[in-house]
Amino acid sequence: MTYHLAQINAAPMLAPLDSPQLRDFVDGLVRINHLAEQSPGFVWRLVGDGGDATDIRLTDDADLLINMSVWENMDVLYAFTYNTEHVEFFRRRREWFAKWERPSPVMWWIPEGELPTLQDARERIDHMEQHGPTPFAFNFKKRFSVSEMLEYTAKQST
């Protein structure tokens with residue numbers, strides 16, 4: 001079976017989406033989302049009614065923005081995140097967002113053809129918050145392979 005990498009990133013906005021403070025962020029969303037969709041290894045991204053995920057909430061916190069996507073593997077997600085124009089958005093994140101006190105980003109392996117749900121994301125965030133990075137939920141700093149995930153989940157089910 002082939003697996004893909006799901007990821008969620010969450011952060012509280014420092015100001016409303018329609019504020020001057022977030023204008024550059026909002027103005028760049030279409031461009032950055034298009035860049036992601038055209039990037040090698042991109043599979044899927046969470047999209048709400050407005051063509052992005054700004055209207056989708058992970059929690060009852062109206063200021064918490066998320067993005068969730070699926071990639072063929074860790075290398076292609078890393079390349080998009082740090083080796084494209086996206087890195088400029090990443091560098092400016094503190095202008096627009098406060099640090100979320102929970103784990104973010106959080107990544108996990110899913111079978112090819114499946115899509116992650118918000119409930120999946122909440123479970124992975126909760127798990128990483130409670131246990132740190134494991135093969136069930138991890139990040140760029142502490143990565144796990146598909147085989148490590150399969151071994152981990154097999155041990156958890158016995």
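## A walk along the strands

Start by selecting strand 1 (residues 3-12) together with strand 4: the two run antiparallel and are joined by 6 bridges. Keep in mind as you look around that this is a predicted model. For a pair to zoom in on, pick I8, which stands opposite V106 in strand 4.

Now colour strand 4 (residues 106-111) by accessibility. This strand is mostly covered, with 6 of its 6 residues buried. Turn the view to check each side in turn: V106, W108 and I110 lie on one face, M107, W109 and P111 on the other, and both faces are covered.

Next, select S69, whose place is in strand 3 (residues 64-71). Is S69 buried or exposed? With a relative accessible area of 7%, S69 counts as buried because that value is under the 20% cut-off. Show its side chain and look for two polar contacts: one to the side chain of Q7 at 2.9 Å, the other to the side chain of W71 at 2.8 Å. Then display the residues that S69 touches beyond four places away in sequence: L5, A6, Q7, W44 and R45.

Your last stop is F42, found in strand 2 (residues 42-45). F42 has a relative accessible area of 18%, so this residue also falls under the 20% limit for buried. Leaving aside neighbours within four places in sequence, you will find F42 in contact with A36, E37, V70 and W71. To finish, draw a C-alpha to C-alpha distance from F42 to N73: the two are 31 residues apart in sequence and 9.0 Å apart in space.

Conventions:
Residues numbered from 1 in each chain as written. Predicted model: local features only at pLDDT ≥ 70, side-chain atom pairs only at ≥ 80, totals over all residues. Heavy atoms only, no water. Helix = DSSP H or I, 4+ residues; strand = E, 2+ residues; numbered from the N terminus. Buried < 20%, exposed > 50% of the residue type's maximum accessible area, 1.4 Å probe, protein only. Polar contact = N/O pair within 3.5 Å; in protein donor to acceptor, adjacent residues only side chain to side chain. Contact = heavy atoms within 4.5 Å. Pairing = 2+ DSSP bridges.
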